[in-house]
Amino acid sequence: VEQGRILLGDGAARQAGVESGTGVAAARMLLPAISLIVRNSSREVAAMHSLACWAGCLTPRISLTPDTLLLEIGGCLRLFGGLEKLVATAKEGVLAQGFTLALAVAPTPMGAQWLARTGMAALCLDDRTMRQHLEALPVAILPDKASSALSRFGARTLADARRLPSAALARRIGVESLQLMARAFGEIPDPRADFVFPEQFSLPLQLPASVETAGALLFAARRLTSALAGWLTARQAGVREFTLRLQHRQEETRLDMQFAELKADAGRFERV
């Protein structure tokens, strides 16, 4: 929930008719047993940082936006045995940490973002395939002002918008939105800042509620150990010891994990 409205709902909420933008009172009428959680931006940032560290096991080149993890995988395909195996590894790793994901592959960062955001799950290895998928996207992928202007002129997809002369299109949707499309289609450069892996690994994980069972603690700790393993892979390093600190209401329990030799394997960390 954000500002009194539903920002995001799970499958049960959507099935009951609760959608993004639904007011809290209306959501309770549609689903009296609904659980409402206030959006926590700091936890979102921490989750993205954790995922970026984990993704070091897939590629050393990573970029972050507030809601997207961008992985440059062109140089890693042979290492993983092709695109399908790399994608499967990425999906498995994200799901194992308790996240859901929308995934797409494209030659441009913005193209991959847009395809993932609309749930197309397209795997585009060349510009022609990417253009075909992007042109099918609704104009709603653009900023609200631009998409509204295009809708008033009868444009429904990006293909409709791109048929308009550039000068006329720029007047209707603005130069910034026009440049967004150009970056998505690979017509102008779209440089992204690389995620900088921290020099030392120290990652907190705030739990949404108190945890009193070992199984639940292990599931939560998996996010930390997976991130540690990715960080170590990106730095081509291993550890002989790391510390897990459990914060209680009034004190702390410290667990020192020790290994006979250098380790960088998330599965080994989890077993210990």
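A residue is called buried when its relative accessible area is under 20%, exposed when that area is over 50%, and partly exposed in between, using a 1.4 Å probe and protein chains only. By this rule T225, at 11% relative accessibility, counts as buried. The model is a predicted one, in which local features need pLDDT of at least 70 and side-chain atom pairs count only at pLDDT 80 or more, while totals for chains, interfaces and linings use all residues. Residues are numbered from 1 along each chain as its sequence is written, and side-chain values use heavy atoms, with hydrogens and water left out.

Let us start with the chain as a whole. It holds 13 helices and four strands, where helices (H or I, at least four residues) and strands (E, at least two) are DSSP runs numbered from the N terminus. Taken along the principal axes, the C-alpha atoms fill a box of roughly 65 × 50 × 30 Å. Of the 272 residues, 35% count as buried. A contact here means heavy atoms within 4.5 Å. Among contacts with a separation of 6 or more, 42% come from residues 24 or more positions apart.

In the loop between helix 3 and strand 1 sits P60, which counts as exposed at 55% relative accessibility. Leaving aside residues up to four places away in sequence, P60 touches C76 and F197. P60 and G230 are 170 residues apart in sequence, yet their C-alpha atoms are 9.4 Å apart in space.

Helix 10 (residues 166–173) has A168, L169 and I173 as its buried residues. Seen down the helix axis, these buried residues fall within an arc of 110 degrees, so they line one face of helix 10; the arc is that of the directions from the helix axis to the C-beta atoms. Cover for the buried residues of helix 10 comes from elements including helix 8 (144–152), helix 9 (158–162) and helix 11 (175–184). Helix 10 is followed by G174, whose phi is positive, near 90 degrees.

Helix 12 brings us back to T225, which lies in this helix. Apart from residues up to four places away in sequence, T225 touches F242, A266 and F269. In the loop between helix 11 and helix 12 is V211, which counts as partly exposed at 31% relative accessibility. With the same exclusion of residues up to four places away, V211 touches A216 and L217. V211 and A266 are 55 residues apart in sequence and 22 Å apart in space, C-alpha to C-alpha.

Helix 12 also gives the most to the lining of the second largest pocket, with ten residues. On a 1 Å grid over the protein atoms alone, a pocket is an open set of points with protein on both sides within 12 Å along at least five of seven lines, and lining residues have an atom within 4 Å of a point. About 1200 Å³ of space lies in the second largest pocket, a volume being the space filled by probe spheres set on the points, with grid points joined across faces, edges and corners. The lining has 37 residues, of which L224, L244, R245, L246 and Q247 lie nearest the centre. The elements giving two or more residues to this lining are helix 12, strand 3 (239–247), strand 4 (252–263) and helix 13 (266–271). The lining residues divide into 23 nonpolar, eight polar and six charged, where Ala, Val, Leu, Ile, Met, Phe, Trp, Tyr, Cys and Pro count as nonpolar, Asp, Glu, Lys and Arg as charged, and the others, Gly among them, as polar.

Q3, in the segment before helix 1 (11–15), has a positive phi near 50 degrees and counts as exposed at 80% relative accessibility. Q236, found in the loop between helix 12 and strand 3, has a positive phi of about 50 degrees although it is not a glycine. Q236 is exposed, with a relative accessible area of 78%.

Terms used:
On a 1 Å grid over the protein atoms alone, a cavity is a set of points where a 1.4 Å probe fits but cannot get out, and a pocket is an open set with protein on both sides within 12 Å along at least five of seven lines; lining residues have an atom within 4 Å of a point.
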